[in-house]
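Subject: Structure for your files

Hello,

Here is the structure, with the sequence alongside. Notes on what turned up in it follow below.

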Amino acid sequence: MIASLVAELGPWSWWIAGLVLLAAELIAPGFFLVWIGLAALVVGVLSLLFWDSSFWFWQVQAILFALLAVVATFIGRKLTLRHGETDQPFLNQRAESLVGRTATLAEPIREGRGRIRLDDTVWRVSGPDLPIGTKVKVVASSGRDLTVEAA
């Protein structure tokens, strides 16, 4: 059935496959199918040029499509990783964004554990034993715990 459909559509079958893959990228975004769809469109352009050539049988088309899909995926991955940098590196890492800030101890640090209030949140801290009200500086974060030292 697929072979007869490809035979009937000729070189346009690659165009249809490419457009279907690009449409699938819109439905299930992940920025992966776009590269495979582009590879199918390139094979479609080459099919329009070489369709009547003796060397352009389906095996050559399939191998070329597979190679182009792999190459396009690697190039696309490199492009997206290079441009994936953000101007807000701590956007979803709130504890890491607090490193370097100073605060006042809301509870004394006893046996290495205490609490500080930063903005609207009370954070658990670890560090040397210090009395309540001492100014501390956040020097590290580990999960939801902050490490502090006297400021």
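Arg-115 and Glu-107 form a salt bridge, with their closest N and O atoms 3.6 Å apart; the term stands for a side-chain nitrogen of Lys or Arg within 4 Å of a carboxyl oxygen of Asp or Glu. Arg-115 is partly exposed at 32% relative accessibility, and Glu-107 is partly exposed too, at 37%. Here buried means under 20% relative accessible area, exposed means over 50%, and partly exposed lies in between (1.4 Å probe, protein chains only).

Please keep in mind that this is a predicted model, in which local features need pLDDT of at least 70 and side-chain atom pairs count only at pLDDT 80 or more, while totals for chains, interfaces and linings use all residues. Residues are numbered from 1 along each chain as its sequence is written, and side-chain values use heavy atoms, with hydrogens and water left out.

The structure holds four salt bridges. Side chains of opposite charge can pair when their charged atoms come close. In one of the four, Asp-119 pairs with Arg-101 at 3.0 Å between the closest N and O atoms. Asp-119 sits in the loop between β2 and β3 and Arg-101 in the loop between α5 (94–97) and β1, so that distant parts of the chain, 18 residues apart, are linked. Helices (H or I, at least four residues) and strands (E, at least two) are DSSP runs, numbered from the N terminus. Asp-119 is exposed, at 52% relative accessible area, whereas Arg-101 is partly exposed at 32%.

Asp-145 and Arg-124 also meet in a salt bridge, at 2.9 Å from N to O. Asp-145 is in strand β5 and Arg-124 in strand β3, so this pair ties together parts that are 21 residues apart in sequence. Arg-124 is partly exposed, with a relative accessible area of 34%. Arg-113, Arg-124 and Asp-145 are linked in a network of salt bridges.

Next, the nonpolar cores (sets of buried Ala, Val, Leu, Ile, Met, Phe, Trp, Tyr and Cys residues joined through side-chain atoms within 4.5 Å). The largest has 14 residues, and those touching the most other members are Leu-105, Ile-116, Leu-118, Trp-123, Val-125 and Leu-146. Two or more residues each come from β1 (102–110), β2 (113–118), β3 (121–126), β4 (135–142) and β5 (145–150), and β1 gives the largest share, three residues. Apart from this core lies another, of eight residues, including Ala-39, Ala-40, Trp-56 and Ala-69.

Trp-123 belongs to strand β3 and is buried, at 9% relative accessibility. Beyond four places in sequence, its contacts (heavy atoms within 4.5 Å) include Arg-94, Ala-95, Ile-116 and Leu-146. The C-alpha atoms of Trp-123 and Asp-145 are 6.8 Å apart, although 22 residues separate the two along the chain.

On the surface, Leu-5, Leu-9, Trp-12, Ile-16, Val-20 and Leu-48 make up a nonpolar patch with about 540 Å² of accessible area together. Patches take residues with over 30% relative accessible area and no salt bridge, joining like charges within 9 Å and nonpolar side chains (Val, Leu, Ile, Met, Phe, Trp, Tyr) within 5 Å; accessible areas come from the Shrake-Rupley method with a 1.4 Å probe, and for residues only the protein chains shown count as cover. Helix α2 supplies the largest share of the patch, three residues. Leu-48 lies in helix α3 (residues 33–50) and is partly exposed, at 40%.

Regards
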